[in-house]
Amino acid sequence: MIMATIRTCCLYSPETLLLRSAPSLNLPRCRRFLTTAASKDKDKVIVISGPTGAGKTRLALELAKRINGEIISADSVQVYRGLDVGSAKPPESDRKVVPHHLIDILHPSEEYSVGQFFEDARQATRTILDNGRVPIVTGGTGLYLRWFVYGKPDVPKASQEVAAEVYSELAELQRTEDWDAAVQLVVNAGDPKAQFLAHNDWYRLRRSLEIIKSSGSPPSAFEVPYDSFRKQRIPTATDDTHDTDSSADVVEDIKSKELDYDFSCFFLTSQRLDLYKSIDYRCEDMLTGDEGLLSEARWLLDIGLLPNSNSATRAIGYRQAMEYLLMCREQGGGSSPREFYSFLADFQKASRNFAKRQLTWFRNEKIYHWLDASRPLDKVLNFIHDAYNDKSGNIVVPDELKMKKETGHREASELKAYRTRNSNRRLLSLAAHQFSSTRLQFVDFS
C-alpha cells in the first residue's frame with residue numbers, strides 16, 4: 001500500500017529536484033457509430049491517447065481544468081525522474097494546477113512493467129474517484145492503455161525463490177552481454193516467443209522464465225482479456241471494413257458491463273504528413289536550451305547507464321542521444337556537423353516510425369473515437385465535455401471533428417516522398433549552442 005501511494009504521488013521529492021538540476025451530434029444519413037452501452041452505476045473514466053506530438057497532453061490538461069479532473073500518465077518514459085525533455089513531460093507549473101499521477105516515480109536504472117502500470121493506474125483511478133474528481137488517463141503507450149481498459153492477464157507472480165533462481169541463471173549471461181545465449185535458454189525452457197523480444201530487454205526475458213518456472217507454461221498460454229473482447233465484435237452489413245481510421249465508422253458491440261468502468265476513449269491525431277512535420281520540429285526543439293535532451297542523455301551516461309540497456313535507455317531520443325555522445329567521447333569530445341545532423345535525422349526517423357506504429361496499434365482499438373488534432377481546441381474540448389456528461393452511453397463524433405482516413409493518391413505520394421527538411425541555419429545555431437552547453441566541440445573530420 002505504501003509503495004502504491006508513492007507511485008501515484010504527483011509532487012516532487014527532494015531527490016527529484018536534485019535529479020532535475022543534474023540535467024451537435026446530427027448524423028449524416030449513412031453514419032454509423034460505436035456503442036458502449038453505459039452502465040449507470042459505473043464510474044466514468046476518460047482516456048485520451050494519440051501519437052507522439054499530436055497535442056494530447058495539452059488537451060488532457062485543459063479538459064481536467066473544466067471537469068475537475070486529475071491526470072494519470074500512461075507514458076512509459078514519464079515515470080522516470082530526470083527524463084523530462086525527451087518524454088515531453090508536463091512542466092511542474094501544469095502539475096501544480098492539475099494533479100498528475102505516475103510521473104517521476106522511478107529512478108532511470110529501475111524497470112517498470114505494464115503489470116506494474118496496471119496496478120498503479122487502477123489504484124490512482126480509485127483514489128481520484130473517491131475524492132470526487134474525474135480520472136483522465138492520457139499517454140501513447142498502447143499496451144499500458146489496453147491493459148488499463150480491459151484488464152491484465154492472470155499470470156502468476158513469481159515467488160522470491162523462483163525470482164532468485166531466474167536471476168542466478170541469467171546474471172552471468174547479462175554481465176557478459178550474451179543476449180543470444182540468454183534467449184536460447186528461455187526458448188529451451190518453453191517460450192519460443194522469447195526470440196521476438198526487443199534486444200537486451202532483460203526484464204521481460206527474466207519475467208518469461210519466471211512465469212515458466214512458476215506455472216509450467218509460457219506467458220502466451222495465459223488469456224489476455226482484450227482478446228476476449230475482440231471476439232465479441234458483431235460485424236454488420238453496414239460495416240465498412242475499408243475505413244478503419246475512425247472507430248465511429250465501425251459497429252463494435254463492446255459489452256461494457258464486463259468492464260470495470262464506463263470508459264470514454266478518444267484518440268487525437270492529424271494527417272500523417274502534418275504529424276511528421278510536427279514531429280521533426282519537435283525533435284529539434286528538444287535539443288535546444290542548456291537542459292535539453294543531450295544534457296539528460298549525458299546524465300544517464302554519467303550515472304553508469306548504457307544505451308539500450310534497460311527501459312529508460314531504450315526510449316526513443318535517449319538511446320540515439322546516448323549513442324551519439326559515446327561516439328563523441330571516443331573522439332576526444334568532438335563531432336563533425338555531419339555527425340550531429342546524422343544523429344538528429346536518426347532521432348527524427350525513430351520518432352516518426354513510433355508515431356506510425358501508434359496509429360497502426362490504435363486502429364485495432366475500436367473503443368477509441370478518433371479526433372482531428374487540427375480542429376480548434378475549444379471545439380474538441382466542448383465535444384469531450386458533452387460526451388462525458390451524456391447519459392445515453394452513445395458517443396458520436398461530429399463530422400467537423402472526425403479524423404478522416406487518408407485515401408487519396410496524392411496523400412499517399414506525398415507520404416512516400418516525404419523527407420525531413422531541417423533548416424540548416426537553425427540547425428547550425430542549435431548545434432553550436434548544444435556543443436557549448438555540453439562542453440563538446442565541432443571538429444572538422446573532412
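Entry 1, a helix pair. I'm working on a predicted model. I began with H8 (residues 179-189) and H9 (residues 202-215), whose axes come within 10 Å and cross at roughly 20°. An angle under 35 degrees counts as roughly parallel, so H8 is roughly parallel to H9. I noted the hand of the crossing too: left-handed.

Which residues make the contact? From H8 I listed Trp179, Ala182, Val183, Leu185, Val186 and Ala189, and from H9 Trp202, Leu205, Ser208, Leu209 and Ile212. Sorted by class, that contact of H8 with H9 has ten nonpolar residues, one polar and no charged ones.

Entry 2, the sheet. I traced six strands in an open sheet, in the order E4-E3-E5-E2-E6-E8, with parallel pairing. Which strands stand at the edges? They are E4 (100-101) and E8 (368-372); each has a single partner strand, so one side of each is left without a neighbour in the sheet.

I then went through some pairs. E3 (residues 69-73) runs parallel to E4, and two bridges join them. Isoleucine 72 is the residue I found opposite histidine 101 of E4.

Next came E2 (44-49). Is E2 mostly covered or mostly open? Mostly covered: five of its six residues are buried. E2 pairs with E6 in the parallel sense over six bridges, and I found serine 49 opposite phenylalanine 267 of E6. E2 is also joined to E5 by three bridges, again running parallel. There, isoleucine 48 stands opposite threonine 138 in E5.

I checked what H5 (residues 114-130) lies across: E2, E3, E4, E5 (134-138) and E6 (262-269). Against E3, H5 runs at about 175°.

H14 (residues 318-330) packs with H15 (residues 337-363) at an angle of about 165°, and I get 10 Å between the axes. Angles over 145 degrees count as roughly antiparallel, so H14 is roughly antiparallel to H15. The crossing of H14 past H15 is right-handed.

For the contact, I wrote down Gln320, Ala321, Tyr324 and Met327 on H14, and Glu339, Phe340, Phe343, Asp346, Phe347 and Ala350 on H15. How many charged residues does the contact of H14 with H15 have? Two, alongside seven nonpolar and one polar.

Methods. Residues are numbered from 1 along each chain as its sequence is written. This is a predicted model: local features need pLDDT of at least 70, side-chain atom pairs count only at pLDDT 80 or more; totals for chains, interfaces and linings use all residues. Side-chain values use heavy atoms; hydrogens and water are left out. Axes are lines fitted to C-alpha atoms, for helices over the stretch in contact, and angles run from 0 to 180 degrees between N-to-C directions. Helices (H or I, at least four residues) and strands (E, at least two) are DSSP runs, numbered from the N terminus. Angles under 35 degrees count as roughly parallel, over 145 as roughly antiparallel, 65 to 115 as roughly perpendicular and the rest as oblique. A crossing is left-handed if the near helix is turned anticlockwise from the far one by less than a right angle, and right-handed if clockwise. Contact means heavy atoms within 4.5 Å. Ala, Val, Leu, Ile, Met, Phe, Trp, Tyr, Cys and Pro count as nonpolar, Asp, Glu, Lys and Arg as charged, and the others, Gly among them, as polar. Two strands pair if DSSP finds at least two bridges between them. Buried means under 20% relative accessible area, exposed over 50%, partly exposed in between (1.4 Å probe, protein chains only).
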